[in-house]
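Please keep the sequence and the model in view while reading.

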Amino acid sequence: VVTDLQTGINTFEWVVTNGLCDRRDTLTLLNNTVLANAGTDQTVCQNFSNLAAIDPTTYVPGLGSGVWTLAGGSGVIADNTAINSAVTGLGIGLNTFRWTLTEGGCTDDDDVQIINQTVVANATDIISCSMPVNLTGNDPVTADGIWTNQGMLGTIVTPTLYNSVYT
């Protein structure tokens, strides 16, 4: 077993001896080991971001060319060979992108997760001549919503309920 190989060419010599006679031969081992680093996971509040793989030439072993692919969720990669490519069309929740490095038949990959926590807030305008009034906002589903009184007299009965009553 050989350990701690250098990146690139490693040379070994094989020597066979018998008394005064010997023969030698060399073996060349080309080490194309690559190490992918897709960057840090992200949490965003919009449906776009930038990927941020680490340039493989800036760290050991210093080899490889990379390609981005979508591994889960949704999103469109603008330039699949750019370490810092833009991505658009991120789905709500978890989106996974894979950075795959290749060099001379060797490959390695690493995933980065982008969690899109985009929320939508829609409230319906109301014209009313009497109280109480039913406030109507969108159901935030997995997010949290809260009604706040912007300086009026009156009370929001259940401020965290999207269809609360104002008295």
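## Terms and basis

A residue is called buried when its relative accessible area is under 20%, exposed when that area is over 50%, and partly exposed in between, using a 1.4 Å probe and protein chains only. Helices (H or I, at least four residues) and strands (E, at least two) are DSSP runs numbered from the N terminus.

The model is predicted: local features need pLDDT of at least 70, side-chain atom pairs count only at pLDDT 80 or more, and totals for chains, interfaces and linings use all residues. Residues are numbered from 1 along each chain as its sequence is written, and side-chain values use heavy atoms, with hydrogens and water left out.

## The aromatic pair and the nonpolar core

Trp-68 and Trp-99 are both buried. The structure holds 1 aromatic pair, and these two residues form it, with 4.9 Å from centre to centre and 45 degrees between the planes, a tilted arrangement. Rings of Phe, Tyr and Trp (its six-membered ring) count as a pair if their centres lie within 6.5 Å; planes under 30 degrees apart are stacked, over 60 edge-to-face, and the rest tilted. Because Trp-68 lies in strand 5 (residues 65–72) and Trp-99 in strand 8 (residues 93–103), the pair ties together parts that are 31 residues apart in sequence.

A nonpolar core is a set of buried Ala, Val, Leu, Ile, Met, Phe, Trp, Tyr and Cys residues joined through side-chain atoms within 4.5 Å. The largest such core has 15 residues, of which Leu-51, Trp-68, Val-87, Phe-97, Trp-99 and Ile-114 touch the most other members. Strand 8 and strand 9 are the elements that give two or more residues to this core, and strand 8 supplies its largest share, 3 residues.

Two strands pair if DSSP finds at least two bridges between them. Strand 4 is joined to strand 7 (residues 86–88) by 3 bridges, and Asn-50 stands opposite Ala-86 in strand 7.

## Pockets

On a 1 Å grid over the protein atoms alone, a pocket is an open set of points where a 1.4 Å probe fits, with protein on both sides within 12 Å along at least five of seven lines; lining residues have an atom within 4 Å of a point. Grid points are joined across faces, edges and corners, and a volume is the space filled by probe spheres set on the points. Ala, Val, Leu, Ile, Met, Phe, Trp, Tyr, Cys and Pro count as nonpolar, Asp, Glu, Lys and Arg as charged, and the others, Gly among them, as polar.

The largest pocket has a volume of about 460 Å³. It is lined by 24 residues, and those closest to its centre are Val-120, Ala-121, Asn-138, Pro-140 and Gly-145. This lining comprises 13 nonpolar, 9 polar and 2 charged residues. The second largest pocket has a volume of about 300 Å³. Among its 15 lining residues, Leu-135, Trp-147, Thr-148, Met-152 and Tyr-166 are the closest to its centre, and the lining divides into 9 nonpolar, 5 polar and 1 charged.

## Backbone features

A cis peptide bond, with omega about -5 degrees, joins Met-131 and Pro-132. Pro-132 is placed in the loop between strand 9 (106–116) and strand 10 (133–134).

Asp-4 has a positive phi, near 55 degrees, in a residue other than glycine. Asp-4 is found in the segment before strand 1 (8–18) and counts as exposed at 72% relative accessibility. Val-141 likewise has a positive phi near 55 degrees. Val-141 belongs to the loop between strand 10 and strand 11 (165–166) and is exposed, with a relative accessible area of 68%.
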